Amino acid sequence: MALPPQTDEARMAALEKAGAARRARAEMKQLLQVGSLTLAEVFERAETDDVIAGTKVAAVISSLPGVGKVKTIRTLEEHNIPDNRRLRGLGVRQKAMLLELFG
């Protein structure tokens, strides 16, 4: 069944919400790159912030200083973490392992 068309106001509100989420994720990744934010702090923020919790683990790990895409992919493969896993989907052991490696 097709969804009813959105009103212009609803469409604009959705676009603004999506833009705010992108800006928040970009800011978090930038803070990780410069070292102002640690991986442990990101995990802590993900507990309460739905935007941060919805960020892909691969994007967070590759934003860490000295970690590139290849190292990120290898790490996720070695520890059986799917590349599309989000922060909220990580288990306690997976978080502890990532903190041990990159924290």
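The buried residues of α2 are covered by elements that include α1, α3, α4 and α6. In this predicted model, the residues of α2 that count as buried are Leu39, Val42, Phe43 and Ala46. Viewed down the axis of α2, these buried residues fall within an arc of 100°, so they line one face of the helix. An α-helix has 3.6 residues a turn, so residues three or four places apart point the same way.

**Packing of α2 against α6**

The axes of α2 and α6 come within 9 Å and cross at roughly 155°. The two helices, α2 and α6, are therefore roughly antiparallel to each other. On the α2 side the contact is made by Leu39, Ala40 and Phe43, and on the α6 side by Lys95, Leu98, Leu99 and Phe102.

**The chain as a whole**

The protein chain has 6 helices and 0 strands, and its pattern along the sequence reads α-α-α-α-α-α. Its C-alpha trace spans about 50 × 35 × 25 Å along the principal axes. The chain has 103 residues, of which 30% count as buried. Among contacts between residues at least 6 apart in sequence, 63% join residues at least 24 apart.

**The nonpolar core**

The largest nonpolar core has 22 residues. Within this core, Leu39, Val42, Ile61, Leu87 and Leu98 touch the most other members. At least two core residues each come from α1 (8–34), α2 (39–46), α3 (50–53), α4 (57–62) and α6 (92–102). Two of the core residues named above, Leu39 and Val42, are also among the buried residues of α2.

Which residues does Ile61 contact, leaving aside its neighbours within four places in sequence? They are Leu39, Val67, Thr72, Leu98 and Phe102. Of these, Leu39 takes part in the contact between α2 and α6 from the α2 side, while Leu98 and Phe102 take part from the α6 side.

**Helix α5**

Helix α5 covers residues 69–78. Thr72, Thr75 and Leu76 are buried in α5. Seen down the axis of α5, the buried residues fall within an arc of 95°, so they line one face of this helix. Val70, Arg74, Glu77 and Glu78 are exposed on the other side of α5. The cover over the buried residues of α5 includes α4 and α6.

| Residue | Relative accessibility | Contacts |
|---|---|---|
| Thr72 | 2% | Ala58, Ile61, Ser62 and Val67 |
| Thr75 | 8% | Leu98, Leu101 and Phe102 |
| Leu76 | 3% | Val57, Ala58, Ile81 and Asp83 |

Thr72 is a residue of helix α5, and with a relative accessible area of 2% Thr72 counts as buried, because the limit for that class is under 20%. The side chain of Thr72 also reaches the backbone oxygen of Gly68, at 2.7 Å. Ile61, one of the core residues that touch the most other members, is in contact with Thr72.

Thr75 is buried at 8% relative accessibility. Beyond its sequence neighbours within four places, Thr75 is in contact with Leu98, Leu101 and Phe102. Leu98 and Phe102 belong to the α6 side of the contact with α2.

Leu76, also in α5, is buried at 3% relative accessibility. Its contacts beyond four places in sequence include Val57 and Ala58 on one hand, and Ile81 and Asp83 on the other. How far apart are the C-alpha atoms of Leu76 and Glu27? These atoms are separated by 23 Å, and the two residues lie 49 residues apart along the chain.

**After α5**

His79 lies in the loop between α5 and α6. Is His79 buried or partly exposed? At 31% relative accessibility, His79 counts as partly exposed. Leaving aside neighbours within four places in sequence, His79 is in contact with Met97 and Leu101. Leu101 is also in contact with Thr75. His79 and Thr7 are 72 residues apart in sequence, and their C-alpha atoms are 45 Å apart in space. Asn80, which follows α5, has a positive phi, near 55°.

Terms used
Residues numbered from 1 in each chain as written. Predicted model: local features only at pLDDT ≥ 70, side-chain atom pairs only at ≥ 80, totals over all residues. Heavy atoms only, no water. Core = buried A, V, L, I, M, F, W, Y, C linked by side-chain atoms within 4.5 Å. Buried < 20%, exposed > 50% of the residue type's maximum accessible area, 1.4 Å probe, protein only. Helix = DSSP H or I, 4+ residues; strand = E, 2+ residues; numbered from the N terminus. Contact = heavy atoms within 4.5 Å. Polar contact = N/O pair within 3.5 Å; in protein donor to acceptor, adjacent residues only side chain to side chain. Arc of directions from axis to C-beta. Axes fitted to C-alpha atoms, helices over the stretch in contact; angles between N-to-C directions. Parallel < 35°, antiparallel > 145°, perpendicular 65-115°, else oblique.
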